[in-house]
Amino acid sequence: MLGRAMTAAGLGGVLGAHGLVDLPGSGALALASGVLGLAGWGIWRASARGSERPGEAGHRDVLAGAGRTRAAALLRGAMLCLLGAWAGFTFTVLCAQARLDQTLADGNVDRVSRVTLRVDSLPKLQPDLLAFDAVVLDAHPGGVPERIRVRWPAGGWRGPYAPAQPPDPPFPEVRPGQIWRMALVLRPVRAAQNLHAFDYEAHAFAAGIRAQGTVRGAPEWLRDEDWAGLSVVAGRARHAVREAMAPYLQDLRYGPVLRALAIGDQDGVDAADWTVFNRTGITHLVSISGSHITMLAGAGALAVSALWRRLRWRGRGLAERWPARRAGAVAALLVAWLYCLLAGWGVPARRTFLMLAVVAGAQALQLRLSGARVLALAAVAVVATDPWSVLAGGFWLSFLAVGVLLAAGSGVEAAAGSDAAARADPALGTPGNAAPPGPRTERRRDRWLRGLKQAARLQWEVTWALAPLLAWTFHEVSLVSPLANAYAIPVIELLITPLSLLLAAVALVPGLATVAGGLAWLAHGALALMMRPTEWLAALPTWPTPAGPAWVYLLALAGVAVALWPQARVGAARPTDPARGGKGVAGYRAGAVRRHRAWGWLALAPMLLWPPDRPGEGEWDLHALDVGQGSALLIRTARHALLFDAGARHARDADEGARTVVPALKALGVRRLDALIVSHADLDHAGGVRSVLAAVPVAQAFASFDLEAWLRAETRKLGEAVTPLPLAAVPCRFGDRWRLDGVEFEFLWPLDVRARRRGVEANAGSCVLRVRGGHHSLLLTGDIEIRAESALVERGLTPADVVVAAHHGSRTSSSAAFTKAVAARHVIVQAGAWNRHGHPDAAVLQRWRRAGATLWRTDRQGGVNARSRAAGLSLYSVLESSRRAWHGRRP
C-alpha cells in the first residue's frame, strides 16, 4: 500500500511541476532538496524512537504502545510520500528546464535559415502538404533548436474550395533517416489559446518540438542514414509497410482506418469519421490501443509456448530446460515491443508494453504482484521515461480503464470462487442439498450466458468510469457508447485488426498481391458493415456537459469508484444462518454494501447537471476567440447567446467554425444561437458559418450580403448535397435594434442597402453592432475602414467601454477621429501571429494607446474575455490566466 501511495504522490509532484509558470533554478532545487532530506531524516529518527519506547506501566500500556507504533508508521509513510512527490517534482523540473533551453533565437524568428537536418519521424503525406519531425544537424545562422517540425507545402495554392491535388512535379520520397539541406522560414511553436480547448503548444513541447519551419525553394537531398537510431529504424519499417499497403487501400473508403490499425498512421482518416468515433465512444478501438497490443502479444505467447513444448535439443525437451510459460512471456514481450515500435510508441503503447514487461519480469523472478502493483510500476516506468506523458489525456484514460478492468476482474474471480465453493459444499450455499449438475450442454450454455453478462458488465463499468474524463475533454457524454462498444469491440479486436495486420505482412511479400487484395477487401467490408449502425448511433443526441470546476469531475470520479467497487469478496464463503431464512450474515452484508454503493451514482449529478456560468439581467459576457487571422465573437446575456462572425476557412475540410467556435459553444453550454451576425462575406469572417449552422440551431441570422445565396454557392463549391440554413435571415440595417435580458443590440452600419450591391468592396458594407448593457457598452466594428468610421462619427457616435478594433488593426481603420470619439477603455485586436498583412499596424496601436485604451491582442494573449457586471468591467486573456512554462514570454 505504501508503494502505491508513493506512486500517487510522485504523479502529484509531476503534475505540480507541469502547472508552474516559471521553473525554479537548480540552486533553489538543491537547497530545497537538502532541507527536505534533513527534515525527513529527523522525522524518521524521531518516529523510530517513539515506536520503540517501552511502556511505563508494563502490560497495561500495551495498547498505548501500539498506538504510538501506528502513529510512527503513519508519520514515516507520510514522509516517504512527501519525498516521492518532491522527487517527481524535481525530476520533471530538471527535464523541462533542459527542454526549455532549446529555443529559437530571436534573430531567427520569421526569417530564412539554412538548415541541414535528418528526418526523424514517419512523414505525414497529404496531396498538397508534406510534414515531418526532424533533428537539426547544422544551421546557419545558429540558434536553432535540436528538434523542429517541418512543413513542405505544394506550390500553386488554388484557394480554400479547390480539392487538394498532388503537386507538379510531385514531392520526392521522404523517409526517416534521410539527410536534407533546406531553406526554412523558422518560427516558435504558436497555437490558438482558447478556454477549455486543446493546447497544441503543450503537445509539441511534450514531443520535444521547439520550432516549426516552412520550406522555401528546392531542398537538396544529401544522403541516407538508415541506422541513425532506433526511432529511425522503426520509422523506416513503418514507411515500408505504409508504402506496401498503399496500392490496396488507396481506393477504399475506410482505407486510412485500416492503416491506422496496422501501424498507427492516422493521416487521411476523414474528420467526419473521427466525429462518429468520438460520439459513439469507440475512438480507442480505431487506433493502436493497449487491447490490440495485448491481443497480439498473447497470440505470440501461445504460439511460442505450444512450439516450445514440442521442440527438443540434445535429447531433452526445451520445456525441461526452461519452462514453456517463461518462454511464452519473453515472446509476448518481444512481439509487443516490435508492434509498439511499428505503431509509433504512443502513450497507450508504452503503458501496455511496460505493464507486460513488469508482468514478465515478475514471472521470471517468481514474484507475485497484484494488478494494482503492476499498474503502479507501469505508471512509474512511463513517467520516468517520459514525464510529459501525464499531459496527454490518453495517459489517464488508459490507466483508468485498465484499473477498472482489474478491479472488476477481481470481483468476478471472487464471485466465481464463492459460487464454486457453494457448489462444492452445500453448507456454504442455499439450504438443503445442492442440485445435481445438469447436462453438459446446459452447463456450456450457462457459461456462455455468464460470459456475455460479465462482458456487458465490464463494458458498462468502463464506460461510466471514463465518463468524467471524457466529459472534461469533449464536454459531452455519449449515451450510446456501451451499445456501440458491445459490437465494435469483438468485430475490431477479433476480425478487423487481425486482417489489417495480415494485410500489412502479406503486402511486403512479392507475388502475393491477390492474397493482399482479398485481405483488404475482407477487412474493409467488415469495417464498412460495422460503420452502418455506428453512424446511425452517432446521429443520436449526446448528453451535454458544460465546462465546470475541477471538483465536479473529481467528485464524479470518486462517485463512480464507490459505485463500481468490487463487492463479490464481501461475505464470500460464509456459513448460512437458518434463523434468517438461509441468507446468512454474508448475504445481508452484501445487500447493505450494494444499497450503500448505489448512492455513489449521485456524485455524477453535479457533472451532468452543472449550469454554465451566465451573466445577470442587464449584464453581458464577450468571448473574443483566438481564431488566428480572422474574427469570431460570442456574446452571452442571462438567457441568450449571439455570435458575431465565425472565423476563417482554410481549406475544403478545415475551418475555424468546426475547429474553434463549435467546441467553445459546447464548453460554455450554448446549445442554441439566438442570432448569428456575419459582418461581411470575406472568408476570414464568414468561412466558419457553415460548420456553425450544421452544429447548433440558429434562430435568426443577420448579414450585409445575401447569406442564403452565399451558402448555396459554397455548397456547390464544396460538392456537398445539403446546405445548412438558419431559421430566418435578414440584412443588417442601420437603426435595427432589439433587447434581450436587459441588454440592447443596435446596428450602426451599413446606412443603406446600397452598400450590398455587387461591385462594392465587402469591407465597406460590414455590419457594425453596438451592445448596451445596464452597466457597460460594447462596439463590434467588423472590417469597416476610415470612410465608414468618419460617417459614424458625423452621425454622433457615442463612447463605448470595449471596442473590437476594425479590420484586425489595419492602417486603413481606427482613424484619430474615430478613436477619440469612441473613447474606449479597452480595445481588442483579433489577428494572427506573423500574418502576411502585417496586422495590427504599429501606428494604429499607438493611436489607441494615446486615446487612453488598454490593448488586448489575440495573437499574443490568446482569446480575450470581457465580463460586464454591476460590480465593474473586467477583462482577462486565456494565455495569461492559464500560462505554463512551455508557453514562454511573448512580447
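In this talk a residue is called buried when its relative accessible area is under 20%, exposed when over 50%, and partly exposed in between, using a 1.4 Å probe and protein chains only. What you see above is a predicted model, in which local features need pLDDT of at least 70 and side-chain atom pairs count only at pLDDT 80 or more, while totals for chains, interfaces and linings use all residues. Residues are numbered from 1 along each chain as its sequence is written, and side-chain values use heavy atoms, with hydrogens and water left out.

I begin with the chain as a whole. It has 891 residues, and 47% of them count as buried. It contains 28 helices and 27 strands; these are DSSP runs, helices being H or I of at least four residues and strands E of at least two, numbered from the N terminus. For contacts, meaning heavy atoms within 4.5 Å, 71% of those with a separation of 6 or more join residues 24 or more positions apart.

Next, the aromatic rings. Rings of Phe, Tyr and Trp (for Trp, the six-membered ring) pair if their centres lie within 6.5 Å; planes under 30 degrees apart are stacked, over 60 edge-to-face, and the rest tilted. The count by this rule is 17 aromatic pairs. In one, Phe395 and Trp396, the centres are 4.9 Å apart and the planes stand at 80 degrees, so the pair is edge-to-face. Phe395 is buried, at 1% relative accessibility, whereas Trp396 is partly exposed, at 30%. Elsewhere, ring pairs join Phe702, Trp738, Phe745 and Phe747 into a cluster.

Arg99 lies over the face of Trp388, 3.8 Å from the ring centre. Arg795 lies over the face of Phe734, at 4.7 Å.

Trp834 and Asp110 are 724 residues apart in sequence, yet their C-alpha atoms are 7.5 Å apart in space. Leaving aside residues up to four places away in sequence, Trp834 touches Val109, Asp110, Arg187, Pro188 and Arg190.

His807 also has phi near 55 degrees. It lies in the loop between strand E23 (802-804) and helix H25 (816-822), and at 13% relative accessibility His807 is buried.

There are cis peptide bonds to point out as well. The bond from His140 to Pro141 is cis, with omega near -5 degrees, and Pro141 lies in the loop between strands E3 (129-140) and E4 (147-153). The bond from Trp749 to Pro750 is likewise cis, with omega near 5 degrees; Pro750 is in the loop between strands E20 (743-749) and E21 (768-772).

Finally, which elements each supply at least two residues to the lining of the largest cavity? They are strand E11 (620-624) and helix H20 (656-667). The residues of that lining divide into seven nonpolar, five polar and no charged, where Ala, Val, Leu, Ile, Met, Phe, Trp, Tyr, Cys and Pro count as nonpolar, Asp, Glu, Lys and Arg as charged, and the others, Gly among them, as polar.

How values were computed:
Lys NZ or Arg CZ within 6 Å of the ring centre and 35° of its normal.
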